[in-house]
Structure formats: C-alpha cells, structure tokens
Amino acid sequence: MNPIQNNLNKYFNKNSARVISYGMKLRYRDKRHSNSGQAMMIAVMFFLAGSLIVLGGATSPVLKDVKISRDIEKSKQSIYLSESGLEDVVYRVKNNMNFSNTESLVIGDITATTTIAVVGDKREIVSAGYKDNVVRTTKAIISEGNNTSFDYVLQSAAGGIEINDEAYVSGDVFSDTAIEGEFSNTITGNAISAGPSGLIRNIHITGSGYANTIASSTIDGNAYYQSIFGTSVGGTSYPGSPDQALGTMPISDSSIEDMETNAQNGGVINSPCPYIINSNTTIGPVKVNCNLVIQDSAIVTLSGNVWVVGNLLIGSSTPIEKSATVKISQSIGSKSIAIIADNPSDRENSGTVSIKNSAIFEGSGSAGSYVVVISQNNKTGSDEAIEVKNSARGDLFVYASHGKVLIKNSAFINGAVGYEVEVKNSAHIDADADPVNIPSTGGSGGEFSLDSWLEI
C-alpha cells in the first residue's frame with residue numbers, strides 16, 4: 001500500500017464516527033422541520049374553522065333581520081292590496097256596478113282575491129292579499145236599508161181588479177175601488193176594497209172581506225161593510241164599518257227614476273236597435289236606448305237594473321218549444337232587480353211590456369229575490385201597459401202604476417200592481433211566504449250601512 005492510500009484510510013477510520021453522527025443530526029433536523037410544518041398547517045386550519053364559526057354567528061342575525069325586513073315589506077304590500085280589493089268591491093256593490101262572487105286585483109306580482117257571501121240580509125266581503133307566501137286578509141260586513149215591499153199579491157188604483165175565467169189568486173188583495181169576480185173566483189187571503197166606492201162582488205174569499213158594499217160573494221172569515229146582500233159570512237159580520245183608507249202605490253215615480261239613474265250609471269247600449277238577446281248573456285246595470293227583445297232559449301242573468309227606453313218583449317218568438325229565461329245573479333242575495341220599460345218622451349205609446357210563451361223567471365236563489373218588471377206607460381183603457389200570458393211563470397212581480405196589467409192564459413207569477421189589474425183564463429197569482437224586498441234605488445244599489453271593517 002502506498003503512503004498516500006495509507007494516510008487516507010487512517011483519516012477516514014479516525015473520523016467515521018463523527019461523519020455518521022453528523023448525518024444522523026441532519027436526518028433528525030429534517031424530521032423535526034417536517035413535523036413543525038404539519039403542526040402549522042393544522043393550526044391554520046383550526047384558525048380558519050374558528051373564524052368561519054365566528055363569522056357565521058355574526059352574520060346569522062343580520063340575515064334574519066334582512067328576511068324579517070323583506071317579510072314586513074311583503075306584508076305591507078299584501079295588506080294594502082287586500083284593502084284596495086275590499087274597497088273596490090264594496091264600492092261596486094254600493095253603486096250597483098258589475099261584480100262577481102269572486103273578484104281579483106293584480107298589481108305586479110301581488111294579488112288580492114275578494115269573495116262575496118250573502119248572509120241573511122247582509123253581505124260579507126272578504127279580501128285576501130298575496131305576496132309570495134305572505135297573506136293578509138280583511139273583511140267588511142254591509143247591510144242594505146230603505147226597502148219597499150209589496151204587501152199584496154194584487155193591488156190596483158182607481159181602475160180596480162177583475163178576476164175571471166177560473167183564475168186563482170193566493171194572497172191578500174187590495175184595490176182603491178171594486179174587486180170583482182166571475183162564477184165565484186177564489187182569493188185565498190183577505191180582500192180590501194177601499195173608499196166609498198169599495199165593492200166586493202162574485203168572489204169567494206177564504207179570509208176576511210172589507211168593502212163599502214159586499215155582494216153575491218162567500219166570505220169564510222169576517223165581513224166589514226156598510227151594506228151587504230146575497231153573501232154568506234162564515235165569521236163575524238160588522239155592518240156599519242168605516243170605509244178603508246185608499247192605498248198608495250208601493251214604488252213611487254221618484255224611486256223608479258232613481259232605479260233608472262242607477263241603471264244608466266252602469267253603461268248605455270245605443271245599438272243595434274232593437275236590441276235582441278237570443279243567447280246566454282249577463283246584463284245590468286245598463287240603459288238600453290231602444291226596444292229590448294229577449295227570445296228563443298236565451299238565459300239572461302241580471303246583475304243590476306235594466307232601463308229600456310222603449311218596449312220590452314220577453315218570450316220565445318216561436319211556440320213553447322223554446323223558453324227564454326231571465327234570472328238574477330246569485331251575488332245579489334235576497335234582493336230583487338228591476339227591468340224598467342220607460343220612454344219619458346212618449347209614455348202613452350211606448351214603454352209597454354209583453355211576456356209570453358213560457359218565459360221563465362228566477363230569483364237569485366235567496367228568499368225574497370224576484371224579477372220585478374216595471375212599465376211607466378200611462379195609456380189606460382183597453383190597451384195594456386203589461387201583458388203576461390201563455391204559461392209565462394216564475395219569480396216575477398209586474399208593476400204598472402199608471403196603466404193596465406193583464407195576466408192570462410195559464411200564466412203563473414207571484415204578484416201584480418197596476419192602475420188596473422185583470423186576471424183571467426186560468427192564470428194563477430201565488431205569492432211566496434217571503435216578502436218581496438225592492439231596494440229604493442233598485443237591485444243591489446240600495447243605501448248601505450257599514451257594520452264592520454277589520455283585518456282577520
């Protein structure tokens with residue numbers, strides 16, 4: 001071995017332990033540095049998680065406050081539109097304008113749905129406003145007053161009442177002059193013939209009779225009179241009884257004018273003339289500026305008063321195979337609606353009514369609701385202001401305080417008032433037990449009082 005190699009071996013042998021020791025220290029240092037990095041990463045992760053928890057706890061109340069603020073805004077929008085929907089429908093009901101049992105009002109993405117329910121003589125109107133899932137609801141209860149009622153199934157002024165040819169009347173009858181029958185026609189009720197010219201003749205009355213003179217009649221109840229002959233009395237006779245006071249027409253001309261104004265406020269139809277309805281239609285309140293014809297199988301629903309400035313014809317243009325129907329909207333409740341034939345510029349030759357050929361009349365379905373047909377024609381004598389014939393029937397009262405009313409040919413209605421009234425040819429007048437309520441301004445447009453208005 002040469003001297004250089006020998007010296008190198010001695011050096012490495014002498015320092016090998018130191019080299020190994022140094023290497024081990026280097027490896028220990030590397031391991032320690034690696035563990036320190038992992039610990040730092042874990043610490044950072046824990047710090048981040050803690051920060052997120054703290055941040056979440058701080059932002060949660062803020063988010064809740066934002067949601068509450070938004071819900072409050074939606075709630076205000078819902079209640080405002082609910083109130084608006086309620087005010088809209090109450091206004092329409094009060095002013096006899098068009099309305100349905102359910103009405104909707106939409107502004108942007110907010111909706112108010114308003115419903116109308118008839119409860120007795122009142123109306124409950126409920127409006128619900130919707131904004132997303134936030135709902136606010138308001139309710140108003142209104143009642144109507146100042147009604148006029150028919151107290152008699154037949155009533156006449158100075159023209160008197162005639163009941164002939166097996167005609168039949170069920171209910172009380174009143175006339176400012178004679179009530180006369182033929183072959184002992186029957187009135188199942190009381191009969192009052194007022195004034196010094198009061199006369200009951202050839203009538204079978206199941207109730208009591210009141211007249212200055214009673215002749216050739218049968219009175220099942222009591223009889224009140226100045227003179228009597230040819231009459232049997234089942235109850236008590238009261239000779240020398242004072243004459244009954246003259247009556248007044250149940251609907252004044254001024255009330256009819258109010259009804260006409262009310263109808264006109266709903267709109268005016270000027271053409272085509274004559275205005276012919278021969279298909280299903282909802283009409284009213286409205287003014288028709290010419291003759292109105294309802295015919296064939298048309299079903300006409302009345303939602304308000306109708307003023308016809310001309311003549312009114314209701315009934316099929318052909319025989320009984322087709323029957324026109326006039327009915328009142330369910331939303332009207334226990335009130336009646338008027339169809340008025342009146343041409344103020346020519347009341348002698350215009351404003352007549354003809355109802356024929358099995359025409360059908362229906363109320364709203366609530367007690368006391370009837371179609372009331374009014375004529376302001378004032379031509380007396382043999383001409384009729386209103387004629388109802390040929391099996392026309394239903395919830396119908398007819399009214400012509402200045403003209404003649406003729407009911408004949410098996411017509412079956414609820415009542416008639418006229419300057420003069422004639423019932424014949426097996427016609428039948430039969431009032432229901434319920435009173436006939438006619439608001440002074442007609443239909444659903446009477447004077448309303450507000451019973452309550454609140455949020456529910």
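The questions and answers below treat the aromatic rings and then an asparagine.

Author: This is a predicted model, in which local features need pLDDT of at least 70 and side-chain atom pairs count only at pLDDT 80 or more, while totals for chains, interfaces and linings use all residues. Residues are numbered from 1 along each chain as its sequence is written, and side-chain values use heavy atoms, with hydrogens and water left out.

Reader: How far apart in sequence are the parts that Phe150 and Phe397 tie together?

Author: Rings of Phe, Tyr and Trp (its six-membered ring) pair if their centres lie within 6.5 Å, and planes under 30 degrees apart count as stacked, over 60 as edge-to-face and the rest as tilted. Phe150 and Phe397 form a stacked pair, at 5.0 Å centre to centre with 20 degrees between the planes. Phe150 lies in the loop between strand 5 (147–149) and strand 6 (154–163), and Phe397 in strand 34 (residues 396–407), so the pair joins parts whose separation in sequence is 247 residues. Strands here (E, at least two residues) are DSSP runs, numbered from the N terminus.

Reader: Which residues form one aromatic cluster?

Author: Phe150 also forms a stacked pair with Tyr399, at 6.1 Å centre to centre and 20 degrees between the planes. The cluster consists of Phe150, Tyr370, Phe397 and Tyr399.

Reader: Is Asn343 buried or exposed?

Author: Asn343 is placed in the loop between strand 28 (337–341) and strand 29 (353–355). Buried means under 20% relative accessible area, exposed over 50% and partly exposed in between (1.4 Å probe, protein chains only). Because its relative accessibility is 16%, Asn343 counts as buried.

Definitions and conventions. Helix = DSSP H or I, 4+ residues; strand = E, 2+ residues; numbered from the N terminus.
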